[in-house]
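Please examine the model shown here before reading on. The paragraphs after it lead from the overall conventions to individual residues.

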Amino acid sequence: NEGRFHGRTALVTGAGGNIGLATALRLASEGAAIALVDIDPGKLSQAKEAFAAHGTRVEAYTCNVADRVAVSAVVDQVIGDFGAVDLLFNNAGFQGAFRPIHEYPEDDFEKVMKINVFGAFYILKAVSKHMVERRFGRIVNTASMAGVQGPPNMLAYGASKFSIVGLTQIASKDLAPYNIRVNAISPAFMGPGYMWDRQVELQAEAGTQYFSSDPTEVAKQMIASVPMRRYGDISEIPGVVSFLMSDDSSYMTGVNLPISGG
Ligand code: NAD
């Protein structure tokens, strides 16, 4: 396999999930060796099977990104197994509750922040330390349009994704002297499937002026807010990540690219 990532190793977090797996498969199809990281061993072993056709090395690692000791150990292990990490897709995330601020559950806020912000920071720190030594790295963080627009009822998630945009901008400056680029993607509504259904149902249940209490209506309201009048398909994400990791984006760092239908 002589694709543009031939000889490179990519570490992908949330690799058992929809966006992580689709993106890991794309990077593998372009020649990268892949380290899959996820908290869910079942999803990981299923994910690993999907790579059979690509002929690149793929290993799976169970790790909770919110556990900094575990993150440090797993990054060391990946570096030991593959020799290096060149590409990082820092993508693990959790959506949390849908409630207005005055009713927002504290424990959910803490959980979302621990996974989405602390987890992203621990991975970013451990991998960038290694990349600084090697004077090479391409990093893409998964933010969200929720971290740009601030949708109602998604306090923890939205705030966590605003943090990802901030981590991206600041890390890009800290790492620019070391030939390491750091960018983000911000998907918006992706469907169909579990994430879309969950979002529609929970926005309906939140019972606020912004959305109907009928999930079918909420789905229509959400689509009507998108200029392209449809949700995005997961397959519309991996190419953007691959672009940000490739030399086609060689003069881009610190940006957050919306994948949102306008
Ligand atoms: P998903 O639920 O399919 O995948 C998320 C993966 O992260 C899962 O495999 C899960 O096991 C893993 N994970 C959760 N907590 C973890 C932890 N503590 N440590 C390690 N792994 C953990 O969802 P997805 O849509 O593929 O989401 C991927 C990223 O995209 C997330 O950061 C999410 O916030 C973001 N995003 C998704 C959408 C969407 O509509 N699907 C929109 C915008 C942003």
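The account below treats the conventions, the domains, the sheet, the helices and some single residues in turn.

The model is predicted, and local features need pLDDT of at least 70, side-chain atom pairs count only at pLDDT 80 or more, and totals for chains, interfaces and linings use all residues. Residues are numbered from 1 along each chain as its sequence is written, and side-chain values use heavy atoms, with hydrogens and water left out.

The protein is divided into domain 1 (9-188 + 233-259) and domain 2 (190-231), with bounds that come from an automatic or database domain assignment. Between the C-alpha centres of domain 1 and domain 2 the distance is 25 Å. To the contact (heavy atoms within 4.5 Å), domain 1 contributes 14 residues and domain 2 contributes 14 residues. About 1300 Å² is buried between domain 1 and domain 2, 52% of it on carbon and sulfur atoms; buried area is the accessible area (1.4 Å probe) that two parts lose on being put together, summed over both.

Helices (H or I, at least four residues) and strands (E, at least two) are DSSP runs, numbered from the N terminus. Two strands pair if DSSP finds at least two bridges between them. On this basis, seven strands make up an open sheet with parallel pairing, in the order S3-S2-S1-S4-S5-S6-S7. Strand S3 (58-62) and strand S7 (256-259) each have a single partner strand, so at these edges one side of each is left without a neighbour in the sheet. On average, neighbouring strands of this sheet are turned by 15° against each other, direction ignored. Within the sheet, strand S4 (residues 87-90) and strand S5 (residues 137-142) run parallel and are joined by four bridges. Opposite Leu87 stands Arg138 in S5.

Two helices that pack on the sheet may be considered next. Helix H2 (residues 41-49) touches strand S2 (33-38) and S3, and its direction makes about 175° with that of S3. H4 touches strand S1 (9-13), S4, S5 and strand S6 (180-187), and its direction makes about 175° with that of S4. Axes are lines fitted to C-alpha atoms, for helices over the stretch in contact, and angles run from 0 to 180 degrees between N-to-C directions.

How does the span of H4 agree with expectation? The expected span is 1.5 Å times one less than the number of residues. Because helix H4 (residues 106-134) has 29 residues, it should span 42 Å, and its end C-alpha atoms are 41 Å apart, which agrees. H4 bends by about 35° at Lys114, the bend being the angle between axes fitted to the seven residues ending there and the seven starting there. Just after H4, Arg135 has a positive phi of about 55°.

Further backbone features occur in loops. Asn179, in the loop between helix H6 (155-175) and S6, has a positive phi near 60°. The peptide bond from Gly191 to Pro192 is cis, with omega near -10°, and Pro192 lies in the loop between S6 and helix H7 (194-206).
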